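The report below walks through selected local features of one structure, shown here with its sequence.

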Amino acid sequence: MTAVQIAPTASDPTFETHVERLLPTFAARVHDVDLREVAAAGEGAGLRALLARHKVLFFSDQAIDIDAQVALGLAMGELTVSHPVVAGATNDHPEVYALDSYDGGRSDIWHTDVTFMPRPPMASILRAVKLPDVGGNTNWVDLEAAYESLTPTVRELADQLEAEHDGSREFAEYLEKRRGGEGNDWDGEKVRQLVPVRQPVVRVHPETGRRSLFVNPGFTTRILDVSDAESRGLLDIFFAHLTKPEHLVRHRWSAGDVVMWDNRSTAHYADFNYGDVQRVMHRVTLRGDIPVGPRS
Ligand SMILES: O=C(O)CCC(=O)C(=O)O
Ligand SMILES: [Fe+2]
């Protein structure tokens, strides 16, 4: 790992002078910022605002361990537990979600984190712990650009729709394996069952007011109040727009990388192309709000 830069952020609490934009609509590399310093200096609010603006932020050469990752999350907001049904990385770190490829921890399907709960986390902060030499890149798409890429007539239809999100396919087995079939406390309630939830198909970002296409192949199971055939057709259209290459940024991980993303405006996918090599990532998530559509 190269030397960590000391953050000269006091002169720019918005961090904008540190930003290198990666695509016209989203994603930015943030240079010469030490995330431990940001947390210690109480500058988390600036980072949070930067994240709402750019949607995905990439940081490199960070000397961050599990405790520093938690401290960073706390500087930016309130942390959730690791996941509704997956236990924390260690007993001391119930808020850290370990994605270990040796333990089935893969994310090779497009998704936005935890949209199968009524109140999904607003943002995720991910740190590379153990990486394959090559492969295991992560991809993010801009759900606001995906919404904008629909024709106005289809946008107007999407604005009126709601969809079912269900975490069972991805996570029911984790819940069954937990002692007593009990998950974690999420939003003040013990999770004992993954009950499908209703979410708006178009989400209005609570900070920016921008609209995004808030469906994903990982958890969105159907469009509600239309026929099965219509639901399938609509989801096909929405998913195709979501994953257009021009809405996508891909990251090749190095040791010391930290990436954070806004779950209110993006979806992501981790490539699984590294065979039986171990890949471990640690994530913390910031508590979010209940998604709101244009009509609610
Ligand atoms: O492993 C990755 O790169 C991403 C995993 C993921 O989906 C997440 O951390 O939410
Ligand atoms: Fe994820």
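D225 is exposed, with a relative accessible area of 66%, where exposed means over 50%, buried under 20% and partly exposed in between (1.4 Å probe, protein chains only). The model is predicted, so local features need pLDDT of at least 70 and side-chain atom pairs count only at pLDDT 80 or more, while totals for chains, interfaces and linings use all residues. Residues are numbered from 1 along each chain as its sequence is written, chains are lettered from A and ligands numbered from 1 in the order in which they are written, and side-chain values use heavy atoms, with hydrogens and water left out.

**Backbone with positive phi**

D225 is found in the loop between β13 (220-223) and α7 (228-242); helices (H or I, at least four residues) and strands (E, at least two) are DSSP runs, numbered from the N terminus. Most residues other than glycine have a negative phi. The residues in the table have positive values instead.

| Residue | Phi | Location |
|---|---|---|
| K55 | about 75 degrees | just after α2 |

F15 counts as buried, at 0% relative accessibility, whereas D225 is exposed.

**The helix pair α2 and α3**

Helix α2 covers residues 44-54, and its buried residues are G44, G46, L47, L50, L51, A52 and H54. α2 packs against α3 at an angle of about 80 degrees, with the axes 7 Å apart; axes are lines fitted to C-alpha atoms, for helices over the stretch in contact, and angles run from 0 to 180 degrees between N-to-C directions. The two helices are therefore roughly perpendicular, given that angles under 35 degrees count as roughly parallel, over 145 as roughly antiparallel, 65 to 115 as roughly perpendicular and the rest as oblique. In this contact, G44, A45, L47, R48 and L51 of α2 meet L72, A75 and M76 of α3, contact meaning heavy atoms within 4.5 Å. The residues of the contact divide into 6 nonpolar, 1 polar and 1 charged, with Ala, Val, Leu, Ile, Met, Phe, Trp, Tyr, Cys and Pro counted as nonpolar, Asp, Glu, Lys and Arg as charged, and the others, Gly among them, as polar.

Q62 is found in the loop between β3 (56-59) and α3 (66-76). Q62 is buried, with a relative accessible area of 3%, and its side chain reaches the backbone nitrogen of L35 at 2.8 Å. Such a polar contact is a pair of N or O atoms within 3.5 Å; within protein, one must be able to donate a hydrogen and the other to accept it, and residues adjacent in sequence count only if both atoms are side-chain atoms.

**The iron site**

Which residues are the protein donors of the iron ion (ligand 2)? They are H111 (NE2), D113 (OD) and H268 (NE2), lying 2.1 Å from the ion, and their spacing in sequence is H-x1-D-x154-H. H111 lies in the loop between β4 (97-100) and β5 (123-130) and H268 in strand β16 (residues 266-270), so the pair ties together parts that are 157 residues apart in sequence. Donors are N, O and S atoms within 2.8 Å of the metal (3.2 Å for Na, K and Ca), and sites may look incomplete because water is not among the atoms.

Both H111 and H268 are buried, H111 at 7% relative accessibility. A polar atom of the H111 side chain lies 2.9 Å from the backbone oxygen of I109, and the H111 side chain makes a polar contact with that of D113 (3.2 Å). Not counting residues up to four places away in sequence, H111 touches N216, G218, F219, A267 and H268.
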